[in-house]
Amino acid sequence: MGLNKYKIYPLHLGTINRECSNMIYRTNPGVKVDFPLVAYFVTNGETKVLFDTGAFVPENGYVPAGKPNGPYIQKKEQRIDNALMAIGVDCDEIKTVVLSHLHWDHAGSCHFFKNAKFIVQKIEYEYALNPIKIHQFPYKRDEFENLDFKFVDGDIEIGDGLRLILTPGHTPGSQTLLVDTEQGIYGLVADLVNTRECWESDPKLANGYHTDLIVHYQSFEKVAASTDYILEGHEIRVFDYKKYPC
């Protein structure tokens, strides 16, 4: 592996079942579809960074329909600590966790990482503490308010070959991690781009849940100009390969 060239490992952290148009703007309303929860482990052999932590299900690995955030299934091997252990990584080794945003399905398992700093956009944290009522349900304050945060403001380098860019639209402080690999720049985009269909459609398709649709599309343009490849936030095909570049 070249100096500061990273590998990216997708982690499957469970499955939610949602109306398609909830995840893909104005697409197949009323049709229920399974979507994976995804996090990414990024390393160059020395630096170890986790992008998102997924959700946490304390009982039986199942949240039924009608309960908050249900239906959601998480098998034992899909819990974040077990998913990392499957690729030889202990949670205690992780010193840096980048949170794309603070929704429950991306920041719900932060408690596994006792030695980590959590990098989040300051505007995201501030909004998560006081969102408008219609946006309250995805934010679980007790899961994130006591974390050891490192707040950032906009685009910033966080290490050689690792850069954060602010990509709002889904939430006010959503961010993308740009990763320098031997194949080019990968963008870990989380819920800015839920599925491959969203990115490959013309025009591109926003997340069905967004706080600012116009800004969302501006973030699409920013990511397209900054990356050679992207890895989506809820796309099952990211698991076609165990690591990227493959």
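Lysine 117 is partly exposed in this predicted model, with a relative accessible area of 40%. Its side chain takes part in a salt bridge with aspartate 148, in which the closest N and O atoms are 3.1 Å apart. Aspartate 148 lies in the loop between α5 (141-144) and β8 (149-152), whereas lysine 117 belongs to strand β7 (residues 117-121), so the pair ties together parts that are 31 residues apart in sequence.

**Salt bridges**

- The structure holds nine salt bridges, and one of them joins the side chains of glutamate 93 and lysine 48 at 2.4 Å, N to O.
- Because glutamate 93 lies in the loop between α2 (80-85) and β6 (96-98) and lysine 48 in strand β3 (residues 48-51), this pair ties together parts that are 45 residues apart in sequence.
- Glutamate 93 is partly exposed, at 29% relative accessible area, and lysine 48 is partly exposed as well, at 27%.
- Arginine 163 forms a salt bridge with glutamate 157, with the closest N and O atoms 3.5 Å apart.

**Aromatic rings**

- A search of the whole structure finds 14 aromatic pairs, among them the stacked pair of phenylalanine 149 and phenylalanine 151, whose centres are 5.2 Å apart with 25° between the planes.
- Phenylalanine 149 is buried, with a relative accessible area of 12%, while phenylalanine 151 counts as partly exposed at 38%.
- Tyr125, Phe144, Phe149 and Phe151 form one aromatic cluster.

**A charge over a ring**

- The charged end of lysine 204 sits over the ring of tryptophan 199, at 3.9 Å from the ring's centre.

Terms used
Residues are numbered from 1 along each chain as its sequence is written. This is a predicted model: local features need pLDDT of at least 70, side-chain atom pairs count only at pLDDT 80 or more; totals for chains, interfaces and linings use all residues. Side-chain values use heavy atoms; hydrogens and water are left out. Rings of Phe, Tyr and Trp (its six-membered ring) pair if their centres lie within 6.5 Å; planes under 30 degrees apart count as stacked, over 60 as edge-to-face and the rest as tilted. Buried means under 20% relative accessible area, exposed over 50%, partly exposed in between (1.4 Å probe, protein chains only). A charge sits over a ring if NZ of Lys or CZ of Arg is within 6 Å of the ring centre and within 35 degrees of the ring normal. A salt bridge is a side-chain nitrogen of Lys or Arg within 4 Å of a carboxyl oxygen of Asp or Glu. Helices (H or I, at least four residues) and strands (E, at least two) are DSSP runs, numbered from the N terminus.
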